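Subject: The structure we talked about

Hi there,

Here is the structure I promised to pass on to you. Have a look at it first, and then read on for what turned up in it.

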Number of protein chains: 4
Amino acid sequence: MVEVFSTSYRVAWVDTDAAGVVHFTNFFRMFERAEEDFYLSLGFSFKDIAERYGVWFPRVEAFCRYKSPAYFGDLLTIKLRIMELGEKHVKYRFRVMRKEELLAEGYVVVVAAEKERNVSTRIPDDVKMKLQPYVSER
Amino acid sequence: MVEVFSTSYRVAWVDTDAAGVVHFTNFFRMFERAEEDFYLSLGFSFKDIAERYGVWFPRVEAFCRYKSPAYFGDLLTIKLRIMELGEKHVKYRFRVMRKEELLAEGYVVVVAAEKERNVSTRIPDDVKMKLQPYVSER
Amino acid sequence: MVEVFSTSYRVAWVDTDAAGVVHFTNFFRMFERAEEDFYLSLGFSFKDIAERYGVWFPRVEAFCRYKSPAYFGDLLTIKLRIMELGEKHVKYRFRVMRKEELLAEGYVVVVAAEKERNVSTRIPDDVKMKLQPYVSER
Amino acid sequence: MVEVFSTSYRVAWVDTDAAGVVHFTNFFRMFERAEEDFYLSLGFSFKDIAERYGVWFPRVEAFCRYKSPAYFGDLLTIKLRIMELGEKHVKYRFRVMRKEELLAEGYVVVVAAEKERNVSTRIPDDVKMKLQPYVSER
């Protein structure tokens, strides 16, 4: 049974643009917000991992497909699954929903990197173990 | 001979994050900035097209691959080419360079849409004609 | 007895800058976020007022004094009171706290404006009535 | 004779909000952009000062008064003067113009701080000397 993490986000006025809809870049902010909330739900944060292991997770790829606009005041749900969990990288999949409607979906690939030397490294074992239940190949 | 449009961007303090590098979402802002400068170089703007033809260009896909970080104060060059120019859509390709070094590359697909009814429509002919020289299949 | 509205905000990675702290402009985003949450708590939104009365609330002044930095992951409380409630304007006061520590405080003055003609107008009566309990002269 | 530093800024689509105008927080981004361009014109940057002297300039106050909206595509001029140049602080004054029309004006107070200990310190002498010609009491 694959776990899916879900968090909610209320669209702010500042997220909109002159077309009256959420600016496309702000979906990537939502993806990152979901990733942050996901980590918190697992009991740690980017900062903890950086401090404990000297490791952080620069983004190496980001993609979004836009289906339908989001508007000011919308209460959105962002769903996160893990599509790939490698030795050194994680590929997160995101879906942004308004009730049952899919507004946008995409992914972000992050790579574990040694903070000091800025070279890729293995994902710390206990982080990896906590991510495992969210891995889904579909 | 394929044209490539080039514009420059100086990284602002607000573009950076606590890792000391440009936040990944801001590369998508640079892509859009390049698209805006490109349009200006052709003699029109999003606003002109919206007013003249009742057409605008919502984004339907956005992708970026990150190679190397950008830092506060960097003078970047953003290069724009057109990878696909359809009846109704444009696929722009972007490269973000610091001198000769490629920092990030990606694409954005936009679709012409009737502003009032929000349905896809043909790209206005004179817009399409001006985009044509920038189309490259590579 | 004066009411104070309170809402919480978790600092996102994108809110930080290369100094490792929340960028000063993002406190103004928090102010607006608090205003939006406040309106929701009263049962309406900017959008509702715009649609029902053809009135919206452009900002005419914004001020913030920064006492102490906020960091990634901080759970902040934003407190809102109303310092002035005029015929046509509202002056909101905001305090951003991390537990008992005041990080920043400031105000925003908004003016009711007719959406179509963009001239100042009276705040709709039922909006004003709902704001009244939050007015404090201190 | 008092010097005024001037820089220009083209309003981007992402700067606008659903009211069709530049979001109020983005004027503070313009202020900072002007400050960065100003420093560059003097031959240094925030980063240089941080590296050379271990000093940076956290903001302690920010204010803006909004007169008239700015729109997508507007070519704005941002004018910077120095209202106060103390031992440890600088108060910058900004005006955002569209041709001859004043759209917004405000100020930002920054304080020199030791990067390592985060306590206020004297502005380095050669920085101060370069700022001097821009000081105006009006």
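**Where chains C and D meet**

Between chain C and chain D there are six residue pairs in polar contact, with both residues at pLDDT 80 or more. A polar contact here is a pair of N or O atoms within 3.5 Å; within protein, one must be able to donate a hydrogen and the other to accept it, and residues adjacent in sequence count only if both atoms are side-chain atoms. On the side of chain C that touches chain D, the elements giving two or more residues are α1 (25-42) and β3 (59-66) of chain C. Helices (H or I, at least four residues) and strands (E, at least two) are DSSP runs, numbered from the N terminus. Of these elements, β3(C) gives the most, with eight residues. Sorted by class, that side of chain C has 11 nonpolar, three polar and five charged residues. For the classes, Ala, Val, Leu, Ile, Met, Phe, Trp, Tyr, Cys and Pro count as nonpolar, Asp, Glu, Lys and Arg as charged, and the others, Gly among them, as polar.

Before going further, please keep in mind that this is a predicted model: local features need pLDDT of at least 70, side-chain atom pairs count only at pLDDT 80 or more, and totals for chains, interfaces and linings use all residues. Residues are numbered from 1 along each chain as its sequence is written, chains are lettered from A and ligands numbered from 1 in the order in which they are written, and side-chain values use heavy atoms, with hydrogens and water left out.

The contact (heavy atoms within 4.5 Å) takes 19 residues from chain C and 19 residues from chain D. Together the two chains bury about 1700 Å², with 63% of it on carbon and sulfur atoms. Buried area is the accessible area (1.4 Å probe) that two parts lose on being put together, summed over both. Chain C and chain D also share two salt bridges, where a salt bridge is a side-chain nitrogen of Lys or Arg within 4 Å of a carboxyl oxygen of Asp or Glu. One of them joins the side chains of E61(C) and R65(D), at 3.8 Å from N to O.

How do the strands run here? β3(C) and strand β3 (residues 59-66) of chain D are antiparallel, and five bridges join them. Two strands pair if DSSP finds at least two bridges between them. Within this pairing, C64(C) stands opposite A62(D).

**Where chains A and B meet**

Now turn to chain B and chain A. In this contact, 19 residues of chain B meet 19 residues of chain A, and the area buried is about 1700 Å², of which carbon and sulfur atoms give 63%. There are two salt bridges between these chains, including one between the side chains of E61(B) and R65(A) at 3.8 Å, N to O. The side of chain B that touches chain A draws two or more residues from each of α1 (25-42) and β3 (59-66) of chain B. Its largest share, eight residues, comes from β3(B).

Strand β3 (residues 59-66) of chain A pairs with β3(B) in the antiparallel sense, over five bridges. Here A62(A) is opposite C64(B), and E61(A) is opposite R65(B). Inside chain A, β3(A) also pairs with strand β6 (residues 101-111), antiparallel and over seven bridges. In that pairing, E105(A) in β6(A) is the bridge partner of R65(A).

**Inside chain B**

How many salt bridges are there over all chains? The count comes to 51. One that you can look up joins the side chains of E87(B) and R122(B), at 2.5 Å from N to O. E87(B) lies in the loop between β4 (75-85) and β5 of chain B and R122(B) in the loop between β7 (113-114) and α3 (125-131), so this pair ties together parts that are 35 residues apart in sequence.

R98(B) sits in strand β5 (residues 89-98) of chain B, and a polar contact of 2.6 Å joins its side chain to that of D74(B).

Chain A has a mean pLDDT of 95, and 99% of its residues reach 70 or more; pLDDT is the predictor's confidence in each residue, from 0 to 100. For the complex, the predictor gives an ipTM of 0.95 and a pTM of 0.97.
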